[in-house]
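Reader: I have a model open and want to learn how to read its features. Can we go through them one at a time?

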Amino acid sequence: MISPRSALEKAKLSVVLKSKQFGRSARFFTSVSSTNDVAREMARQGAEHGFLVVASEQTAGRGRAGRPWYSAPGAGLWFSLVLRPRMQAQRCGLLSLAAALAVAEAVEKTTGVSAELKWPNDVLIGGKKLCGILAESELVGDRLRFAVLGIGLNTNRAQASLMPSAIPEAATWLSDHVHELPEDMTLLASILMSLERRCEDLEAGRLKAIIRAWRKRCVHLGKAVRIVGAPAPLEGVAEDIAEDGSLLVRTPSGELRPVVAGDCHLLRA
Ligand code: BT5
């Protein structure tokens, strides 16, 4: 459903957005199941690179591996972009890394609050999760047809109290850290512009710039971690992030193991 409020938000975005393509075409909804599902459908119908889908509320927002993503009305920015990047399908994993970096940069720019990164796709403030990213792609043979990049960023905790009781303890909201929240559309525009620049870096093969910026913000480099959800659980010291986006973990036996997917938990010990 598209409401008058959605139309107003869309108009506000068009005033502040200075991107080339990202968010130039957009659909705003009051409530959808998942903006990733809507964006995927639109991509199949031909939506262009940078097409934006925004919703005030998601009734079935999801994270990786089918995990739920709580997306109450007005409690955050819930949106997805259709991407048709000029890059090989196997590089798609880098999209969520680039996106997490872009969100951290935009949050800092609009609020002055430092944001950290946790491999592979979390943006944190004070060690708690502010934003999660879900990149999904559709292939034709081994060629990338399109990718959908979904971003969920918690803004207003007061609205989150409307959510089901199962709000994750490790979650945080921008409102926990700033006196005055930026306007949603100012924040969204800043994310879209930062994301467009980082996607251009990816397409041009400027991977070093992305990885260098990641290392600076990454909360667990040099620390003991446990990786779960990879083919087998793994413990060791998170030593570096490789140019293909994998996390390099030094195991107790001294071996350096690249991890391409999974969840990374900091070990206190
Ligand atoms: C993610 O998955 O972090 C990806 C989240 C992507 C959400 C966006 S919203 C727009 C678009 N449409 C969608 O349907 N999805 C995308 P993952 O790393 O698997 O983390 C999921 C875990 O984060 C859950 O199991 C919870 O523990 C936690 N979680 C759920 N909702 C949260 C929230 N609002 N804030 C912080 N943590 C949350």
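Reader: Which backbone oxygen does the side chain of Ser19 reach?

Author: Some ground rules come before that. This is a predicted model, so local features need pLDDT of at least 70 and side-chain atom pairs count only at pLDDT 80 or more, while totals for chains, interfaces and linings use all residues. Residues are numbered from 1 along each chain as its sequence is written, and side-chain values use heavy atoms, with hydrogens and water left out. Now the general idea: a polar contact is a pair of N or O atoms within 3.5 Å; within protein, one must be able to donate a hydrogen and the other to accept it, and residues adjacent in sequence count only if both atoms are side-chain atoms. Here, the side chain of Ser19 reaches the backbone oxygen of Phe22 at 2.6 Å.

Reader: Is Ser19 buried or exposed?

Author: Buried means under 20% relative accessible area, exposed over 50%, and partly exposed in between (1.4 Å probe, protein chains only). Ser19 counts as buried because its relative accessibility is 7%. Ser19 sits in the loop between helix H1 (4-16) and strand E1 (26-32). Helices (H or I, at least four residues) and strands (E, at least two) are DSSP runs, numbered from the N terminus.

Reader: Which residues does Ser19 touch, not counting residues up to four places away in sequence?

Author: Contact means heavy atoms within 4.5 Å. On that count, leaving out residues up to four places away in sequence, Ser19 touches Arg24, Met193 and Glu196.

Reader: Next, the nonpolar core. Which residues touch the most other members of the largest one?

Author: A nonpolar core is a set of buried Ala, Val, Leu, Ile, Met, Phe, Trp, Tyr and Cys residues joined through side-chain atoms within 4.5 Å. The largest has 67 residues, and Leu52, Leu153 and Trp214 touch the most other members. Helix H3 (residues 93-111) gives this core its largest share, twelve residues. A second, separate core has 13 residues, including Phe29 and Val148.

Reader: How much space lies in the largest pocket?

Author: Rolling a probe the size of a water molecule over the atoms shows where empty space is left. On a 1 Å grid over the protein atoms alone, a pocket is an open set of points where a 1.4 Å probe fits, with protein on both sides within 12 Å along at least five of seven lines; lining residues have an atom within 4 Å of a point. Grid points are joined across faces, edges and corners, and a volume is the space filled by probe spheres set on the points. The largest pocket holds about 970 Å³. Its lining has 44 residues, with Lys118, Asp122, Leu124, Lys129 and Ala170 nearest the centre. E6 gives the most to this lining, five residues.

Reader: What does the second largest pocket have near its centre?

Author: Cys92, Gly93, Leu94, Ser96 and Val260 lie nearest its centre, among 28 lining residues. About 560 Å³ of space lies in this second largest pocket. H3 and E6 each give two or more residues to its lining.

Reader: Now the backbone. Which peptide bond is cis, with omega near 0°?

Author: The bond from Trp119 to Pro120. Pro120 is in the loop between strand E4 (116-118) and E5.

Reader: What is the phi of Ala65?

Author: Ala65 has a positive phi, about 55°, although it is not a glycine. Ala65 lies in the loop between strand E2 (52-58) and E3. With a relative accessible area of 78%, Ala65 is exposed.
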